[in-house]
Amino acid sequence: MQNARTVHDAFDLTGRVALVTGAGSGIGRTTAEVLAGAGATVICADIDAGSAAETASGILGQGGRAESAELDVSVRGAASTLVGHVVARHRGLHVMCNIAGTMIDSSIVDVDPDEFDRIVAVNLKGVLYGCQAAGKVMAAQRGGSIVNMSSAAVLAPAAGVGPYAITKAGVAQLTQTMALEVGQYNVRVNCVAPGFVPTNMTARYYTGPDGAVDEQAKAAVLAPMARMAPLRRVGETADIAYCVLYLAADASSFVTGQLISPNGGVSMHY
Ligand code: NAP
């Protein structure tokens, strides 16, 4: 990928193939929609085949290009198999977004070992497997952009989310080291560290056992989150998806190994 000639070109993904994990919901779904809006053919992958198919069909309904796939990112070899199919079908993979993730609430001292294994398997090994699969293809084709999902939890440690933050810190480290290794092949690797965004993942703070959202509890969770941010609001999935678009597109062709923080200013770093 070279420097783009116009602003439109810099963000245009026409002719590019993008694979998005966790595309069935939240940030992954909006990212798939935004990348498709920029012209990419998007493979929407999720552990839930039905929700991935819904995302793809929404994109097709808007005139975009999309397919869906079932993918459990924690399964060894699964990402590599899917990437192999994508490359065989589309003759390349230009953008890989490792967005699938899960969350547990636990202190470090009390974390259940099985739950810890599970969150490491999804959030850290899942990103590693995705990076390995895409990295090999992109290095061979001499170009590509990988975007991994980290978290503001890495920059602003909070009690009770330590096990989650550990996995996201691993993602940030993996991103930097891989960027060093594959830069020579014109492959860029960056990560995004969002602040609080209301999605299914964060809804557990205000959802009852019956699955109903408690609006009062929701307001009680969101209001202090918004107050904490210099921009005085929580995030929207599109805030994160547009950062991913920037990192995916030629607009960021000189950017690699970086962590970008759409977080309303909650944490700042040099
Ligand atoms: P979300 O709405 O729950 O989306 C996560 C998606 O990943 C879901 O569709 C989920 O499917 C899927 N998934 C879970 N395990 C998977 C697996 N093993 N293989 C493939 N797909 C799997 O949550 P989100 O808030 O959009 O989170 C997206 C990413 O952003 C995560 O990595 C998260 O850690 C990160 N993030 C979120 C926030 C936030 O405030 N929301 C902040 C910082 C970082 P199921 O629903 O079927 O499990």
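Colleague: Hello! To start, how many salt bridges does the structure hold?
Modeller: Welcome! Please keep in mind that this is a predicted model. Side chains of opposite charge can pair when their charged atoms come close. In this structure the number of salt bridges is six.

Colleague: Which residue forms a salt bridge with Arg-16?
Modeller: Arg-16 lies in the loop between α1 (7–11) and β1, and its partner sits in the loop between α8 (237–248) and β7 (259–260). The closest N and O atoms of the two are 3.0 Å apart. The partner of Arg-16 is Asp-250.

Colleague: Are Arg-16 and Asp-250 buried or exposed?
Modeller: A residue counts as buried under 20% relative accessible area and as exposed over 50%. By that cut-off, Arg-16 and Asp-250 are both buried.

Colleague: Where in the chain are Glu-67 and Arg-89?
Modeller: The side chains of Glu-67 and Arg-89 meet in a salt bridge, 2.9 Å from N to O. This pair links distant parts of the chain, 22 residues apart. Glu-67 is in strand β3 (residues 65–70), and Arg-89 is in helix α4 (residues 78–90).

Colleague: Why does Arg-5 count as exposed, while Asp-9 is partly exposed?
Modeller: The side chains of Asp-9 and Arg-5 meet in a salt bridge of 3.9 Å, N to O. Asp-9 is partly exposed because its value is 25%. Arg-5 is exposed because its value is 78%.

Colleague: Which strands pair with β4?
Modeller: On β1 (residues 17–21), Leu-19 stands opposite Met-96 in β4, and the two strands pair in the parallel sense over three bridges.

Colleague: Which residues lie on each side of β4?
Modeller: In a regular strand the side chains alternate between the two faces of the sheet. Both faces of β4 are covered, and the four residues on them are all buried. One side has Val-95 and Cys-97, and the other has Met-96 and Asn-98.

Colleague: Which residues gather in a patch of negative charge on the surface?
Modeller: One of them lies in the loop between β4 (95–98) and α5 (113–141), and that is Asp-112. Asp-112 counts as partly exposed because its relative accessibility is 35%. The patch is made up of Asp-112, Asp-114, Glu-115 and Asp-117.

Colleague: What is the phi of Arg-91?
Modeller: Most residues other than glycine have a negative phi. Arg-91 lies in the loop between α4 and β4 and counts as exposed, at 77% relative accessibility. Although Arg-91 is not a glycine, its phi is positive, at about 60 degrees.

Colleague: And where does Arg-232 lie?
Modeller: Arg-232 has a positive phi near 60 degrees and is a residue other than glycine. It counts as exposed because its relative accessibility is 56%. Its place is the loop between α7 (215–228) and α8.

Notes:
Residues are numbered from 1 along each chain as its sequence is written. This is a predicted model: local features need pLDDT of at least 70, side-chain atom pairs count only at pLDDT 80 or more; totals for chains, interfaces and linings use all residues. Side-chain values use heavy atoms; hydrogens and water are left out. Patches are made of residues with over 30% relative accessible area and no salt bridge: like charges are joined within 9 Å, nonpolar side chains (Val, Leu, Ile, Met, Phe, Trp, Tyr) within 5 Å. Accessible areas come from the Shrake-Rupley method with a 1.4 Å probe; for residues, only the protein chains shown count as cover. A salt bridge is a side-chain nitrogen of Lys or Arg within 4 Å of a carboxyl oxygen of Asp or Glu. Lys and Arg count as positive and Asp and Glu as negative; His and the chain ends are not counted. The place of a charge is taken as NZ of Lys, CZ of Arg, CG of Asp or CD of Glu. Buried means under 20% relative accessible area, exposed over 50%, partly exposed in between (1.4 Å probe, protein chains only). Two strands pair if DSSP finds at least two bridges between them.
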